[in-house]
Amino acid sequence: MPDCFISYSSTDQEFAKSVYSELEKHTITAFMASVSLQPGQDWSKEIMENLRNSKWVILLASRAACSSEFVNQEIGATLHNAKNLIPIVWDMAPSELPGWANGVQAIDMSGKQTVGELQREIASIAQRIKQDKSQGLLIIGVVFLALFVLSRE
């Protein structure tokens with residue numbers, strides 16, 4: 001199960017690969033269709049399953065992505081299922097995000113095209129995902145401990 005799902009337009013493939021690689025450096029497992037799908041897999045089914053199983057969605061929100069029917073479906077599913085959405089914009093203003101995504105605080109990379117700035121933003125996202133993951137594991141541990149104690153009584 002991936003830690004996060006990367007939603008992007010195939011037009012932005014190189015940028016998406018950079019984000020994917022940076023997440024990997026921080027030990028975050030990401031689903032990115034062009035990297036994660038294997039030959040012969042039903043891509044539609046796999047995309048939906050990985051989107052459903054990811055708690056975090058990183059939207060690489062270029063103009064091309066925001067006009068993509070598939071990306072908009074992924075945004076809709078993300079918001080409908082109350083997932084954590086982090087839009088990253090660079091060729092438009094955050095206020096131009098489509099629909100309900102417009103109300104989500106975005107990372108504005110316009111004018112910040114250096115690799116170092118992208119690395120810092122992805123490191124920050126990775127830290128948030130790790131903290132969230134740790135809290136979830138702690139809660140699961142407490143529940144199992146409670147069940148163990150109760151079963152011994």
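Colleague: Why is W43 called partly exposed?

Modeller: In this predicted model, W43 has a relative accessible area of 46%, and since buried means under 20% and exposed over 50%, with partly exposed in between (1.4 Å probe, protein chains only), W43 is therefore called partly exposed. Residues are numbered from 1 along each chain as its sequence is written, and side-chain values use heavy atoms, without hydrogens and water. Local features need pLDDT of at least 70, and side-chain atom pairs count only at pLDDT 80 or more, whereas totals for chains, interfaces and linings use all residues.

Colleague: What makes W43 and F70 an edge-to-face pair?

Modeller: Rings of Phe, Tyr and Trp (its six-membered ring) pair if their centres lie within 6.5 Å, with planes under 30 degrees apart counted as stacked, over 60 as edge-to-face and the rest as tilted; W43 and F70 are 5.7 Å apart centre to centre with 80 degrees between the planes, and form an edge-to-face pair. W43 lies in helix α3 (residues 43–53) and F70 in helix α5 (residues 69–80), so the pair ties together parts that are 27 residues apart in sequence; helices (H or I, at least four residues) and strands (E, at least two) are DSSP runs, numbered from the N terminus.

Colleague: Why is the pair of F5 and F31 called stacked?

Modeller: The search of the whole structure finds 3 aromatic pairs, and one of them, F5 with F31, has 5.4 Å centre to centre and 15 degrees between the planes, hence stacked. Both F5 and F31 are buried.

Colleague: How do you know that β1 pairs with β3?

Modeller: Two strands pair if DSSP finds at least two bridges between them, and 4 bridges join β1 (residues 4–7) to β3 (residues 56–60), which run parallel.
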